[in-house]
Amino acid sequence: MNACEAFFAMTEQLTESGCWIWMGNTDRHGYGLTRGFGSESRAPRLAHRVAWTLAVGQIPDGACVLHRCDVPCCVNLGHLFLGSHADNMT
């Protein structure tokens, strides 16, 4: 199993919403947290950003990975998109 397969094995797919819920740790705001999966760092990273990096590639400097579904622990690539910090505030 590669890193991408191992990562997405940690999700539960909800058919009614289409969200893929991160089943690992979360932060106090409900965002998924993970360690590893292609990173040398052992510091926790946001699961939706890791999902993007594993499946799509590097996140451009200054870009945010945003949720169309507004579900913080969702890692469904179809629900994620790149935007700015200002986009995230609207």
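These legends describe close-up views of a predicted model.

**View 1. The largest nonpolar core of the predicted model.** This core holds 16 residues. Phe7, Trp22, Ala51 and Val75 have the most contacts inside it. Helix H1 (3-8), strand S2 (20-22) and helix H2 (47-55) each supply at least two of its residues. H2 gives the most, with 4 residues.

**View 2. Phe7 and its contacts.** Neighbours within four places in sequence are left aside here. Phe7, Trp22, Ala51 and Val75 are the residues with the most contacts inside the largest nonpolar core.

**View 3. The buried residues of helix H2 and what covers them.** Ala47, His48, Val50, Ala51 and Trp52 are buried in H2. The cover over the buried residues of this helix includes helix H1 and strands S2, S3, S4 (45-46), S5 and S6. Just after H2 comes Gly57, with a positive phi of about 135°.

**View 4. His48 within helix H2.** His48 lies in H2. Its relative accessible area is 5%, under the 20% limit, so His48 counts as buried. A polar atom of the His48 side chain lies 3.4 Å from the backbone oxygen of Val65. Beyond four places in sequence, His48 is in contact with Tyr31, Val65, His67, Pro72, Cys74, Val75 and Leu80.

**View 5. Gly32 in the loop between S2 and S3.** Gly32 sits in the loop between S2 and strand S3 (33-34). Its relative accessibility is 1%, so Gly32 counts as buried. Not counting residues up to four places away in sequence, Gly32 touches Trp22, Asn25, Thr26, Arg45, Leu46, Ala47, Pro72 and Cys73. Met89 is 57 residues from Gly32 along the chain. The C-alpha atoms of Gly32 and Met89 are separated by 19 Å.

**View 6. Asp70 in the loop between S5 and S6.** Asp70 lies in the loop between strand S5 (64-67) and strand S6 (80-83). Phi of Asp70 is near 60°. That is a positive value in a residue other than glycine. Is Asp70 buried or exposed? Asp70 has a relative accessible area of 67%, over the 50% limit, so this residue is exposed.

Terms used. Residues numbered from 1 in each chain as written. Predicted model: local features only at pLDDT ≥ 70, side-chain atom pairs only at ≥ 80, totals over all residues. Heavy atoms only, no water. Core = buried A, V, L, I, M, F, W, Y, C linked by side-chain atoms within 4.5 Å. Buried < 20%, exposed > 50% of the residue type's maximum accessible area, 1.4 Å probe, protein only. Contact = heavy atoms within 4.5 Å. Polar contact = N/O pair within 3.5 Å; in protein donor to acceptor, adjacent residues only side chain to side chain.
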